Amino acid sequence: MRNLTVIRRKAFAGCLVKVKIYIEDPNGDTEINGTKCRLLGKLKNNERATYEIGNENLKLFAIYDKFSKGYCNDFYQIPEGETDYYVSGICKFSPFIGNPFLFDGVNEEEALTNRSKNSKKALAIMLPILIIAGVVGFLVGWFLL
């Protein structure tokens, strides 16, 4: 077993919401991007926490809630080893995606593809909502004049 320290750097975006940190676990109760996971803990703005994890190759996920986990998530691949591991990240301002928490130093193709896919999913969800809100606003304004 080894220790994993996760640091959430201070940011205005998403500052009022706790980020839930999940780790890959075949016996987990939550599925994120097709991977079974278990909850390690929650992080407030500018907080750090240390968790005990296994020595195998694992994916670390960050989400806000189970509703938005399909389009507002990020993951970090933790390599196999016995030494303690440190990961940091920050919530980025992106209102269409929901101000996602993004891990620092991600350069793997799979993780970058996931970020791009999340942006497309969020746009597909938000665009119809914005169109409907615009039409309703126009109609209300039209009939009230």
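The following legends describe close-up views of a predicted model.

**View 1. An open sheet of 5 strands with antiparallel pairing.** The strands follow the order β3-β4-β2-β6-β7. Strand β3 (30-32) and strand β7 (73-78) stand at the edges, and each has a single partner strand, so one side of each is left without a neighbour in the sheet. From one strand to the next, the twist averages 40 degrees.

**View 2. The pairing of β6 with β7.** Strand β6 comprises residues 58-63. Its pairing with β7 is antiparallel and extends over 6 bridges. Which residue of β7 is the bridge partner of L60? The partner is Y76.

View 3. With its 36 residues, α1 reaches 52 Å from its first C-alpha to its last, which is close to the 52 Å expected at 1.5 Å a residue.

**View 4. The buried residues of helix α1.** Which residues of α1 are buried? They are A111, N114, N118 and A122. What covers these buried residues includes strand β7.

**View 5. The salt bridge between D104 and R9.** Side chains of opposite charge can pair when their charged atoms come close. In the pair formed by D104 and R9, the closest N and O atoms are 3.0 Å apart. This pair links distant parts of the chain, as its residues are 95 residues apart. D104 belongs to the loop between β9 (101-103) and α1, whereas R9 belongs to the loop between β1 (2-8) and β2 (19-24). D104 is partly exposed, with a relative accessible area of 26%. R9 is also partly exposed, and its relative accessible area is 36%.

**View 6. The salt bridge between R38 and D25.** The closest N and O atoms of R38 and D25 are 3.0 Å apart. D25 is buried, because its relative accessible area of 15% falls under the 20% limit for a buried residue. By the rule applied here, the count of salt bridges in the model comes to 2.

Conventions
Residues numbered from 1 in each chain as written. Predicted model: local features only at pLDDT ≥ 70, side-chain atom pairs only at ≥ 80, totals over all residues. Heavy atoms only, no water. Pairing = 2+ DSSP bridges. Helix = DSSP H or I, 4+ residues; strand = E, 2+ residues; numbered from the N terminus. Axes fitted to C-alpha atoms, helices over the stretch in contact; angles between N-to-C directions. Salt bridge = Lys/Arg side-chain N within 4 Å of Asp/Glu carboxyl O. Buried < 20%, exposed > 50% of the residue type's maximum accessible area, 1.4 Å probe, protein only. Expected span 1.5 Å × (residues − 1). Contact = heavy atoms within 4.5 Å.
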